[in-house]
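Good morning, and thank you for the time.

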Amino acid sequence: MTLSKRSFSRFNSFQHDVARAKAHRWRCRSGARYLYVCEDGLVHWCSQQRGYPGIPLEQYTPEMRHRQFYTEKYCAPLCTVSCVQQVGMLDNWRAPQTLKPVPVTPPAAQPELVQIGPARGDS
Ligand code: SF4
């Protein structure tokens, strides 16, 4: 079976909803399938939602990413960020988002390793 040109356009139905100012039902996977990393190296849901979670990329754990995948984004129905919608298109059929957004705290800082060597004056 092949899709006609018209059938393929159904996958971009969010664009029609945006044009009509209609709420669109979809599951935004920002923070998981899609990451926005700003010039300060912080991870955000997207360019429109800076500050969520807003933590340094090197502290962004797989557990945090998984949590964001299952977190419902309150801004999704009227979202206009096409690239995130494109990335999440195939996830709309699976993995319902049952979690609510919560503040994310980076993991506790690990103590710096200190090289132990001879004390000054020792030789
Ligand atoms: S729904 Fe849109 S605005 Fe909200 S986080 Fe996802 S991409 Fe960003």
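I shall cover the cavity, the ligand, the pocket and the nonpolar cores in turn.

This is a predicted model, in which local features need pLDDT of at least 70, side-chain atom pairs count only at pLDDT 80 or more, and totals for chains, interfaces and linings use all residues. Residues are numbered from 1 along each chain as its sequence is written, and side-chain values use heavy atoms, with hydrogens and water left out.

On a 1 Å grid over the protein atoms alone, a cavity is a set of points where a 1.4 Å probe fits but cannot get out, a pocket is an open set with protein on both sides within 12 Å along at least five of seven lines, and lining residues have an atom within 4 Å of a point. A volume is the space filled by probe spheres set on the points.

The whole structure holds one cavity of 30 Å³ or more.

What sits in the largest cavity? The ligand does, in the sense that more than half of its atoms lie within 2 Å of the grid points. Around the ligand are W26, C28, S30, W45, C46, Q49, C75, A76, C79, V81 and V84, each with a heavy atom within 4 Å of it. This shell comprises nine nonpolar residues, two polar and no charged.

The largest pocket has a volume of about 260 Å³. Its lining includes H24, R25, R27, E72, K73 and N92, and divides into four nonpolar, three polar and four charged residues.

Finally, the cores: a nonpolar core joins buried Ala, Val, Leu, Ile, Met, Phe, Trp, Tyr and Cys residues through side-chain atoms within 4.5 Å, buried meaning under 20% relative accessible area with a 1.4 Å probe, protein chains only. The largest has ten residues, among them Y34, Y36 and C38. A second, separate core of five residues includes V43, I55, Y60 and V104.

How values were computed:
Nonpolar A, V, L, I, M, F, W, Y, C, P; charged D, E, K, R; others polar. Buried < 20%, exposed > 50% of the residue type's maximum accessible area, 1.4 Å probe, protein only.
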